[in-house]
Amino acid sequence: VPGFNYTVAALQQRVFRRSNLAFIMVNKSGITDSTGELGVGAINPNRTLGADFNLASANGRWAGKIFYHHNFSDTTSAQAFSQGTQISYIAQNLRVNWDQQWVGEDFDAVVGFVRRRNFFSIRPGIDWNFFPKSGSINRHGPRVNFRSVWTPEDGQTDYRLQFSYRLSFLNNSNLNFNVVRDYTYLFSDFDPSGTGGLPLLEGTDYAYNSIRLSYRSDRRRKLNGRIEDIGGEYFNGSRWGIESNLNLRLQPYFNMALTANYNNIQLPAPYSTANLFLIGPRIDLTFSRKIFLTTFLQYNNQTENVNLNTRFQWRFAPVSDLFIVYTDNYMSSDFRVKNRALTLKLTYWLSV
């Protein structure tokens, strides 16, 4: 295995009252080749240099960030960059956001993670809040969000336009109503049902509308939860679904969370339709300040899988733990074992 040197250096200088200017250098360079022999100079160096300006106004109304990073390697090009702008204005009744990203085709920061390259995106948004002087509503108001993505070769490939109206209650619960329009361009064949049926073809595009209604109860209560109902168009068909989460907290010994999702996807012939279920309870038990047990069970009919994961933790000393983790995956049809694992992990803090 080749050997590498890694270096990260950062410099930050405060400007104005609460803002700062920052510079960063991230370096990865090989010191041995695949045979283990030392090389002459750096082998396959990869360096990223970046500058960031972080804005925070004195009155707290303006906040944001502007950055530019460039990647240097043996094959450096003018497209090896990443740039972005995030800025928001916050007042009592108004919040305005702007988010923009631009990543070149050859940006390859190997020390880190780049989700996607060769695209340009914008994400503006605006919120307006009303504060009633009486009644059970703390605040309410509309929100508009938009996100769009382009690539140099294909033009616009995705967008989402969302109109929302939110109500926040004095008891810390909230109710949201959303109207959403999505646009998707397919870079490869895709089966929206997830069943392995006839796919929609690469190079086709779809615009579809949906409505979402969600409610979140007071998280401070021992029993709380969230539920969201989704319905409308979906690619060239329709979709109706419900997503729910229920939490029970009996401090300090017991926590339980139950997640359950259902989606009904209807596509015109000859494409497939599907009824998709996902349910997953999770239980956390605290026996003492040092002994903990977490168990997670999940059933997914799309992959015909039942997963069991159990983790035992013993904190035998400060920042020192023994973990025993058992994982099992079964076929949901006949409970045939797919894979099974038992893992032991020990960490110990050396105070020297």
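Colleague: Why does Asp-106 count as partly exposed?

Modeller: In this predicted model, Asp-106 has a relative accessibility of 33%, and because partly exposed covers the range between under 20% for buried and over 50% for exposed, Asp-106 counts as partly exposed.

Colleague: What makes Val-179 partly exposed, and which residues form the nonpolar patch on the surface?

Modeller: Val-179, found in strand E11, has a relative accessibility of 36%, which lies between the cut-offs of 20% and 50%, and therefore counts as partly exposed. Together with Trp-128, Phe-130, Phe-163, Tyr-165, Phe-177, Ile-211 and Leu-213, Val-179 forms the nonpolar patch, with about 710 Å² of accessible area. Strand E10 (155–169), strand E11 (174–185) and strand E12 (205–216) each give two or more residues to this patch.

Colleague: How many aromatic pairs are there, and why is the pair of Tyr-206 and Phe-235 called edge-to-face?

Modeller: The count comes to 20 aromatic pairs. The ring centres of Tyr-206 and Phe-235 are 5.8 Å apart and their planes stand at 65 degrees; since rings pair with centres within 6.5 Å and planes over 60 degrees apart count as edge-to-face, the pair is edge-to-face. The pair links distant parts of the chain, with Tyr-206 in strand E12 and Phe-235 in the loop between strand E13 (223–234) and strand E14 (237–250), 29 residues apart.

Colleague: How do you know whether Tyr-206 and Phe-235 are buried or exposed?

Modeller: Buried means under 20%, so Tyr-206 at 14% counts as buried, and Phe-235 at 10% is buried as well.

Definitions and conventions. Residues are numbered from 1 along each chain as its sequence is written. This is a predicted model: local features need pLDDT of at least 70, side-chain atom pairs count only at pLDDT 80 or more; totals for chains, interfaces and linings use all residues. Side-chain values use heavy atoms; hydrogens and water are left out. Patches are made of residues with over 30% relative accessible area and no salt bridge: like charges are joined within 9 Å, nonpolar side chains (Val, Leu, Ile, Met, Phe, Trp, Tyr) within 5 Å. Accessible areas come from the Shrake-Rupley method with a 1.4 Å probe; for residues, only the protein chains shown count as cover. A salt bridge is a side-chain nitrogen of Lys or Arg within 4 Å of a carboxyl oxygen of Asp or Glu. Helices (H or I, at least four residues) and strands (E, at least two) are DSSP runs, numbered from the N terminus. Buried means under 20% relative accessible area, exposed over 50%, partly exposed in between (1.4 Å probe, protein chains only). Rings of Phe, Tyr and Trp (its six-membered ring) pair if their centres lie within 6.5 Å; planes under 30 degrees apart count as stacked, over 60 as edge-to-face and the rest as tilted.
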